[in-house]
Amino acid sequence: MGGMSRNYLRYSTPGGEFVVYDCYHPIRPLGTGAYGEVYAFTNLQTGEKVAIKKINDIFEHVSDATRILREIKLLRILRHPDIVEIKHILLPPSARDFKDIYVVFELMESDLHQVIKANDDLTPEHYQFFLYQLLRALKYIHTGDFLMDSLFFMQNLCPFLTCMECFFN
């Protein structure tokens, strides 16, 4: 960014704190996972609602850092309606403070896990549509000759297939 100064705000969360550009205002928590927390924010400059994922202690384990870097690199180039889009990566306030990564995604109102968990009345047609979306995204990745880490793919595909298997058995 060549000398361009940014202002940051700190928000306390149950998992620690979020340090984001001052143009972001928190809306609500979206969830937590193995690598950190996700919160919904509004960009006060554009009015756009986004999801910001904080990936904690990125450099603690080299294997995790490598996997996360691969995922970010891949998601930055993929543009498909069935694949979540990375808007950008927030720069840390300083190199000295660089231990967490903040990834800004398009905000999805729900994810597959939430939909399945919240709905006891999903029909086979619902699951068929979920599988259709998954296969469309997979075809896009395959036909685009994107190199894909099998761990990344299986990490995102296995929970879905497990849900599908449970439903159809």
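View 1. Glu48 is partly exposed, with a relative accessible area of 32%; the term covers values between buried (under 20%) and exposed (over 50%), found with a 1.4 Å probe on protein chains only. This is a predicted model, in which local features need pLDDT of at least 70 and side-chain atom pairs count only at pLDDT 80 or more, while totals for chains, interfaces and linings use all residues. Residues are numbered from 1 along each chain as its sequence is written, and side-chain values use heavy atoms, leaving out hydrogens and water. Glu48 meets Lys87 in a salt bridge, with the closest N and O atoms 3.2 Å apart. Lys87 belongs to strand S6 (residues 86-90), and Glu48 to the loop between strand S4 (36-43) and strand S5 (49-55), so the pair ties together parts that are 39 residues apart in sequence. Strands are DSSP runs of E, at least two residues long, numbered from the N terminus. Lys87 is partly exposed too, at 32% relative accessibility.

**View 2. Glu17 and Arg10.** Here a salt bridge (a side-chain nitrogen of Lys or Arg within 4 Å of a carboxyl oxygen of Asp or Glu) links Glu17 with Arg10, and their closest N and O atoms are 2.8 Å apart. Glu17 is partly exposed at 30%, whereas Arg10 is exposed at 52% relative accessibility.

**View 3. Asp97 and Arg96.** These two side chains form a salt bridge at 3.8 Å, N to O. Asp97 has a relative accessible area of 35% and is partly exposed; Arg96, at 72%, counts as exposed. By the salt-bridge rule, the count comes to eight.

Key
Helix = DSSP H or I, 4+ residues; strand = E, 2+ residues; numbered from the N terminus.
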